[in-house]
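Hi,

Here is the structure I promised to pass on. Have a look first, and my notes follow below.

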Amino acid sequence: SSLLYPILNLSATLRKPDGTVAWQNTDFVTPQNSANTGGHEFQQYLQQPELLRATWANVSQIVSGMLVDDLVKKN
């Protein structure tokens with residue numbers, strides 16, 4: 001495909017006041033994630049830079065939601 005999708009890998013750590021790790025996880029979004037639907041062709045990104053911002057905002061929301069879901073399940 002000529003569509004380009006962002007790949008985002010995000011790690012998060014929740015620490016107790018004494019510095020010990022209470023929760024830690026890493027999750028990622030790739031073109032294979034079903035919610036990552038914002039792929040565009042390279043020329044589209046060049047002609048419409050707002051598409052790039054919207055695409056990154058979408059994958060940021062996806063991966064942060066995945067991390068929050070994991071945190072909720074652990075507690």
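A word on terms before the notes: helices (H or I, at least four residues) and strands (E, at least two) are DSSP runs, numbered from the N terminus. This is a predicted model, where local features need pLDDT of at least 70, side-chain atom pairs count only at pLDDT 80 or more, and totals for chains, interfaces and linings use all residues. Residues are numbered from 1 along each chain as its sequence is written, and side-chain values use heavy atoms, with hydrogens and water left out.

Let's start with Leu 67, which sits in helix 2. Its relative accessible area is 5%, so Leu 67 is buried (under 20%; exposed is over 50%, partly exposed in between, with a 1.4 Å probe and protein chains only). Not counting residues up to four places away in sequence, Leu 67 touches Leu 10, Ala 12, Trp 23, Asn 25, Thr 26 and Asp 27, where contact means heavy atoms within 4.5 Å. Thr 20, by contrast, is 47 residues from Leu 67 in sequence and 19 Å from it in space, C-alpha to C-alpha.

Leaving aside neighbours within four places in sequence, Val 63 is in contact with Leu 8, Leu 10, Asp 27, Phe 28 and Val 29.

On to the strands. Strand 1 (residues 8-15) and strand 2 (residues 21-29) run antiparallel, joined by eight bridges (two strands pair if DSSP finds at least two bridges between them). Arg 15 stands opposite Val 21 in strand 2. The two strands form a hairpin with five residues between them, and Gly 19 in the turn has a positive phi of about 95°.

How many salt bridges does a search of the whole structure find? One, taking a salt bridge as a side-chain nitrogen of Lys or Arg within 4 Å of a carboxyl oxygen of Asp or Glu. Glu 50 forms it with Arg 53, with the closest N and O atoms 3.5 Å apart. The two are three residues apart in helix 2, so about one helical turn separates them. Glu 50 counts as partly exposed at 46% relative accessibility, while Arg 53 is exposed at 57%.

Cheers
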